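Reader: Please show me the model. I would like to go through its sheets and its helix packing.

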Amino acid sequence: MPGAIYAEGLVKNFGDVRALDGVDLDVPEGTVLGLLGPNGAGKTTTVRVLTTLLQPDSGRAQVAGIDVLKQPNEVRRSIGLSGQFAAVDELLTGRENLTMVGRLYQMNAKAAKARADELLERFNLADAADRLAKTYSGGMRRRLDLAAALVVSPPVMFMDEPTTGLDPRNRQALWQIIQDLVAGGTTLLLTTQYLEEADHLAHDICVIDHGRVIARGTADQLKAQTGGERVEVVVHERAHIPVGVEVLRGRGVGEVAVEEHTRKLTVPVLGGAKLLADVIRDLDDRGVEIDDIGLRRPTLDDVFISLTGHAAEVAPANGAGATADGKDAAKDAQDPKDSKERAK
Ligand SMILES: Nc1ncnc2c1ncn2[C@@H]1O[C@H](COP(=O)(O)OP(=O)(O)OP(=O)(O)O)[C@@H](O)[C@H]1O
Ligand SMILES: [Mg+2]
């Protein structure tokens with residue numbers, strides 16, 4: 001039986017750009033799918049097809065058991081959508097925006113107002129509730145838009161980069177709201193560029209790049225694909241980097257990654273704590289002083305880089321990411337938030 005969100009072979013071309021190149025998805029009811037990918041990967045296009053806003057060139061999809069292409073109106077009644085760009089009515093207050101949505105969904109005036117109050121409180125908008133939305137900051141608009149998507153609790157929700165532009169406190173608040181929603185049985189497809197967010201919220205993750213799903217699984221499964229643990233060493237002096245690399249090469253099971261400016265060396269290993277002790281001894285024997293050493297599991301960033309050959313968030317939004325040299329791109333993307341800003 002297909003899940004609450006199901007897609008098979010979705011293809012969408014915009015002129016020469018193949019935005020979707022055969023996307024398959026299957027999201028079991030009551031779970032969260034994190035759709036993860038760099039700028040231009042096809043995340044928003046996927047969401048637009050699944051929410052009936054865009055016709056695919058081929059493929060089929062079902063949401064809440066209803067055919068997206070054949071019965072778009074029925075699908076719309078079963079879903080909530082918070083798009084990548086906040087869609088609020090500027091000339092209404094925050095409260096009016098939310099009560100209007102409630103009324104559109106046939107709530108009576110009292111129920112709509114009560115729901116609006118509850119959401120304004122939850123999204124830290126109570127103080128600004130009676131101001132026109134056009135006076136809101138970007139983060140406030142974003143929260144109002146998310147609140148509007150939650151006025152009725154639809155069985156299936158789509159959120160396109162819900163936390164982009166939120167400050168840490170509001171991001172945390174939204175994570176909590178999402179977790180409560182899902183605990184209540186909602187199925188959610190969430191797109192994100194924040195690997196840590198997918199790790200935190202999603203039961204399953206699909207990594208998408210150039211309109212194709214290039215990997216899927218739980219965060220743990222994806223991390224395991226990247227080959228277990230790594231030893232990370234920060235050597236005390238730059239001059240010791242070459243010897244450090246030699247030692248790690250001898251003990252590791254893959255390429256040694258070197259970050260010159262932080263003097264950090266990283267290598268995939270097998271053998272856990274005992275191996276760590278061996279590495280420390282080797283380094284000591286060779287006279288390499290260390291500032292820090294540790295064993296760590298691969299992060300989703302490691303997974304992303306190993307799958308796509310580039311870090312997340314560096315490709316320009318026109319899908320021309322393939323032109324970026326993988327290595328430089330990875331270097332550029334050391335601060336993901338920063339590069340996201342620049343990519344915009
Ligand atoms: N309406 C459109 N007309 C032309 N090209 C489009 C249109 N919508 C999307 N594209 C192209 O399709 C590709 C996928 O875009 P999409 O918006 O789905 O990416 P995304 O993964 O959501 O990226 P981002 O992280 O920047 O939001 C991009 O190359 C984009 O330029
Ligand atoms: Mg997008």
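Reader: In what order do the four strands of the open sheet with antiparallel pairing that includes S2 stand?

Author: This is a predicted model, in which local features need pLDDT of at least 70, side-chain atom pairs count only at pLDDT 80 or more, and totals for chains, interfaces and linings use all residues. Residues are numbered from 1 along each chain as its sequence is written, and chains are lettered from A and ligands numbered from 1 in the order in which they are written. Strands (E, at least two residues) and helices (H or I, at least four) are DSSP runs, numbered from the N terminus, and two strands pair if DSSP finds at least two bridges between them. The pairing here is antiparallel, and the order is S2-S1-S4-S5.

Reader: Which strands stand at the edges of that sheet?

Author: An edge strand here has a single partner strand, so one side of it is left without a neighbour in the sheet. That describes S2 and strand S5 (66-67).

Reader: Which helix packs on this sheet, and at what angle to S1?

Author: Contact requires C-beta atoms, placed from the backbone, within 7 Å. Angles run from 0 to 180 degrees between N-to-C directions, with axes fitted to C-alpha atoms, for helices over the stretch in contact. Helix H1 (residues 43-50) touches S1, S2 and strand S4 (58-63), and its direction makes with that of S1 about 115 degrees.

Reader: How many bridges join S1 to S2?

Author: Strand S1 (residues 5-14) and strand S2 (residues 17-27) run antiparallel. Leu10 has Val23 as its bridge partner, and Phe14 stands opposite Val17. The bridges joining the two strands number eight.

Reader: Which residue in the turn of the S1 and S2 hairpin has a positive phi?

Author: Two residues lie between the strands of this hairpin. The phi is about 60 degrees, and the residue is Gly15.

Reader: What is the handedness of the crossing of H3 and H4?

Author: A crossing is left-handed if the near helix is turned anticlockwise from the far one by less than a right angle, and right-handed if clockwise. The crossing of these two helices, H3 and H4, is right-handed.

Reader: How far apart are the axes of H9 and H10?

Author: Helix H9 (residues 241-251) packs on helix H10 (residues 272-285) at an angle of about 145 degrees. H9 passes H10 in a right-handed crossing. Gly244, Val247, Leu248 and Arg251 of H9 meet H10 residues including Leu275 and Asp278. The axes of H9 and H10 are apart by 10 Å.

How values were computed. Two residues are in contact if their C-beta atoms, placed from the backbone, lie within 7 Å.
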